Amino acid sequence: MLSAQIKHELRAIVGERMALTDPADLATYAYDATHYTHTPDAVVVPASTDEVSAVLRLASRERLPVVARGSGTSLCGGATPIRGGVVLSTARLRRILDINAARSCATAEPGVNTAEFMRAVETRGLFYPPDPSSQSVSTLGGNVAQGAGGPRGAKYGSLRDYVLGCDVILADGSRLRTGANTVKNASGYDLTRLFVGSRGTLCFFSQLRLRLLPLPVARRLLLLPCADLAAAARLALAITAAGLLPSRLEALNDQAAAAAGAGQTSAILLCELDGSAPGVDRQAAIVARLAGAQSGEDRAGEAAEAIWNQLQGWPTLARVQVPRDRLPALLAKVGELGGTLRGDWGVVAGAGTGGVRLVALPGTKDAGTEPEGSAPAAEFAALAGEFGLVRPAAEPAERLRRSLKSAFDPRGILNPLVPLAPDGSQAR
Amino acid sequence: MSDHREDGEGLQAYYDEALRCVRCGLCQAVCPVYAVEQSEASVARGKVQLARALLEGRLEPSPAVRERLFLCLNCGACTANCPSGVNVAKLMLATRAQLLRDVGRPAVEGLLLRQVLANPRSLGLAGAGLALYRRSGLRWLAHYVDALATLPAGLAKAEAMLPSRSRSRPRVGPAPERPRYRVAYFAGCVTSVLYPDLAQSVVAVLRQEGCQVVLPRGLGCCGTPHRAYGDAAAAQKLADRNTRALNEASVEAVVTDCATCGAGLKDYSGLRVPVYDVSQFLVEEAGLVAPRRPLAVRVTYHDPCHLARGQGVREAPRRLLRAIPGLDLVEMAEADRCCGGAGTFALTHPETSLRILERKVANAAATGAAIVASGCPACLLQIGYGLGRLAAGGQDGPREALHPVELLAQAYAPP
Ligand code: SF4
Ligand code: SF4
């Protein structure tokens with residue numbers, strides 16, 4: 001519970017209506033897309049960097065936990081106020097400040113919707129590759145805080161490669177600018193890369209300078225039917241072994257393929273090629289040869305987008321990350337889960353990135369009825385363990401992590417208890 | 001929309017529905033209120049979690065909770081798009097009803113519902129009073145419209161929303177010689193009070209298509225507003241009365257021009273006569289046989305929530321419009337996104353409603369259409385108001401909002 005004095009100070013900073021303390025409001029900021037529920041003591045919705053800074057100064061003085069929140073789609077509790085305190089919403093920090101084609105970069109506030117940003121740069125003939133599956137609702141700030149990218153990472157690199165620099169506010173309210181607005185920026189500690197993916201434990205992002213590419217001229221989606229998920233993963237490996245770099249490579253199990261409207265009854269591999277028009281055609285011919293008898297149909301434009309939109313509409317229930325050469329083995333195991341993965345569960349495997357998602361397909365029953373995580377999700381997580389993906393924190397790394405955290409946030413107010421492994425790998 | 005569990009069962013019966021929400025947050029992409037408010041309580045996920053917190057005893061019922069549950073258009077976009085199949089609409093109705101039992105109804109809304117909507121005469125008075133008030137500047141009439149006037153910022157909006165049309169009862173005329181169908185016309189509250197010309201057009205069009213139209217005695221409000229505002233008992237009473245009147249009318253079909261009434265009527269359990277939206281009846285049943293003359297005009301169509309998602313009727317009104325020679329139908333972006341009217345929402349949340357409306361009007365204006373057609377008088381009221389504001393601001397845009405049937409009626413008229 002906050003004292004009347006602190007509530008009063010919060011209201012003085014962000015205004016009466018933007019400091020929420022009614023239990024009815026607090027109950028709606030007690031969660032993100034995980035099953036954890038922890039009620040905050042206040043929610044503030046600042047409209048400027050100055051206001052954020054003042055809130056953090058106050059929180060620091062009072063040792064109040066602060067959790068930044070975009071659209072609350074985190075799958076690892078990144079926006080859940082585990083220790084209560086103040087939720088700092090980015091809902092009013094939603095401006096795209098600049099799109100600069102000549103410098104291939106854009107500046108935006110953290111609350112900007114990711115899909116909206118992607119559309120805005122595309123109308124200028126530019127391209128922002130990081131494509132987290134939550135893009136229709138997630139925010140740039142949330143993506144950067146979580147280091148969230150998507151299937152295009154296989155060709156275009158991770159989100160970190162697209163954050164040129166940022167303005168951040170530190171735990172004590174002071175401000176810091178990192179990086180530059182140039183694509184090349186050598187020497188010195190790379191604070192930008194440290195902050196990206198730090199899950200709100202080191203700073204609040206108040207402005208992001210993002211790198212853009214020219215929009216590829218041609219884009220084509222190949223739908224390749226496969227015997228099962230493991231076969232789809234093997235085909236994906238063959239495609240990259242042949243020297244091709246598809247912009248997206250996603251393997252879908254049969255249920256997911258049907259739900260995506262891919263017109264297939266078997267598992268499929270979605271292979272998106274982009275680049276120059278002749279280049280795309282040449283690559284498509286090679287993929288067709290590799291797929292052999294399996295070679296399927298071909299979609300472009302809206303028909304292709306419709307399929308990707310379907311995929312993005314499925315909530316992720318669990319996620320594991322493996323080195324991509326281990327995908328066929330993992331997916332064979334996932335295939336054996338068949339009985340547990342009843343009709344409505346889908347598996348979407350990032351055959352380019354090694355990220356595998358267990359998703360709820362439309363109409364999934366009782367997806368949310370088991371608060372401690374559903375049975376398939378648990379089996380799925382167990383598989384991740386079996387494949388040695390949860391690395392225990394090695395001691396020197398853990399010590400470094402602790403000193404880093406206390407250097408940036410000596411009072412430990414920023415997103416306390418959010419799981420974070422020392423080298424950035426998922427702790428759960 | 002069907003399956004209203006009985007009033008007495010309470011919110012507990014809906015716990016499973018609340019648990020079905022996986023909190024993915026994807027409803028943020030489709031919720032018109034969230035696009036404006038940007039607060040978690042404004043989106044379906046937040047409201048479902050409020051219901052769950054109440055059910056789990058983590059939250060006490062309070063007027064603040066009630067207000068957040070009513071910050072919603074009942075547009076159904078979340079329900080239609082939820083990947084987990086959460087029936088948000090159903091859950092919300094139950095939660096609202098529970099809250100009203102626990103903490104009571106806000107004073108003003110109670111007045112509006114019980115005294116105005118439940119009583120056709122006082123609605124008529126309020127409507128006519130407002131119309132007169134607006135046209136004549138007779139300030140003393142204001143006391144007729146207290147129910148609207150006491151809503152914050154509501155009166156100005158209520159006045160400005162009124163279309164300026166004449167008031168008269170539809171004339172059904174003598175039965176055609178060999179009628180193809182005998183249908184009952186259900187003219188809802190908004191049409192009867194504010195759009196008598198529309199009612200007349202519906203009757204005229206049905207007659208042109210060879211129907212004998214009857215106006216059964218004893219019909220009242222369909223009850224949907226009462227259900228939306230948590231008064232299931234009053235809604236049921238109205239439903240029973242209407243069901244009796246329609247069952248006794250010995251007709252082959254019930255036809256309505258109001259999307260909301262249509263959705264409500266189709267949900268009546270004891271009704272023995274099939275209910276059609278007027279465009280659905282004309283296109284799918286009667287088959288549009290009468291000759292029509294050309295109408296050279298560009299039209300864009302707005303899908304009413306209660307027609308597109310509520311009844312699954314999207315194609316019929318479009319086919320009806322395309323059947324008019326010369327009419328150029330152009331699709332607008334986000335045609336099925338709520339216009340922000342949503343019954344009394346426009347009166348209880350004028351600011352939010354206006355911003356939702358602005359997006360709708362901008363989408364309509366971008367088509368270059370001269371007319372926005374929509375199959376619901378409540379949408380016509382809201383969009384007409386938005387178009388008026390656009391014109392007053394000196395901006396280009398469609399000049400009026402009409403029901404597809406009104407355009408069809410024009411096409412029947414002798415040259
Ligand atoms: S209501 Fe549906 S779309 Fe919204 S958060 Fe819950 S499960 Fe997701
Ligand atoms: S019914 Fe419409 S306004 Fe209400 S929560 Fe759902 S999408 Fe939002």
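Rings of Phe, Tyr and Trp (its six-membered ring) pair if their centres lie within 6.5 Å; planes under 30 degrees apart count as stacked, over 60 as edge-to-face and the rest as tilted. By this rule there are five aromatic pairs over all chains.

This is a predicted model, in which local features need pLDDT of at least 70 and side-chain atom pairs count only at pLDDT 80 or more, while totals for chains, interfaces and linings use all residues. Residues are numbered from 1 along each chain as its sequence is written, chains are lettered from A and ligands numbered from 1 in the order in which they are written, and side-chain values use heavy atoms, with hydrogens and water left out.

**Exercise 1.** Classify the ring pair of F195(A) and F408(A), and locate both residues.

Step 1. The ring centres are 5.3 Å apart and the planes stand at 80°, so the pair F195(A) and F408(A) is edge-to-face.

Step 2. Helices (H or I, at least four residues) and strands (E, at least two) are DSSP runs, numbered from the N terminus. F195(A) belongs to helix 7 (residues 191-195) of chain A and F408(A) to helix 14 (residues 395-408) of chain A, so the pair ties together parts 213 residues apart in sequence.

Step 3. Both F195(A) and F408(A) are buried, where buried means under 20% relative accessible area, exposed over 50% and partly exposed in between (1.4 Å probe, protein chains only).

**Exercise 2.** Describe the pair of Y181(B) and F281(B).

Step 1. This aromatic pair of Y181(B) and F281(B) is edge-to-face, with 5.2 Å centre to centre and 70° between the planes.

Step 2. Y181(B) is in strand 1 (residues 181-186) of chain B and F281(B) in helix 16 (residues 278-286) of chain B, so that distant parts of the chain, 100 residues apart, are linked.

Step 3. Y181(B) counts as buried at 17% relative accessibility, and F281(B) is buried at 1%.

Step 4. Ring pairs join Y181(B), F281(B) and Y276(B) into a cluster.

**Exercise 3.** Which side chains does R248(A) meet?

Step 1. A salt bridge is a side-chain nitrogen of Lys or Arg within 4 Å of a carboxyl oxygen of Asp or Glu; 27 are counted over all chains. One of them joins R248(A) and D131(A) (3.7 Å, N to O).

Step 2. R248(A) lies in strand 13 (residues 248-252) of chain A and D131(A) in the loop between strand 7 (126-127) and helix 5 (140-146) of chain A, so parts 117 residues apart in sequence are tied together.

Step 3. R248(A) is buried with a relative accessible area of 3%, and D131(A) is buried at 2%.

Step 4. The charged end of R248(A) also sits over the ring of W308(A), 4.0 Å from its centre; the rule requires NZ of Lys or CZ of Arg within 6 Å of the ring centre and within 35 degrees of the ring normal.

**Exercise 4.** How many residues of chain A and of chain B are in contact, and which area is buried between chain A and chain B?

Step 1. With contact meaning heavy atoms within 4.5 Å, 35 residues of chain A touch 27 residues of chain B.

Step 2. About 2,400 Å² is buried between chain A and chain B, and carbon and sulfur atoms give 56% of this. Buried area is the accessible area (1.4 Å probe) that two parts lose on being put together, summed over both.

Step 3. Two salt bridges are counted between chain A and chain B. The side chains of E40(B) and R69(A) form a salt bridge (3.1 Å, N to O).
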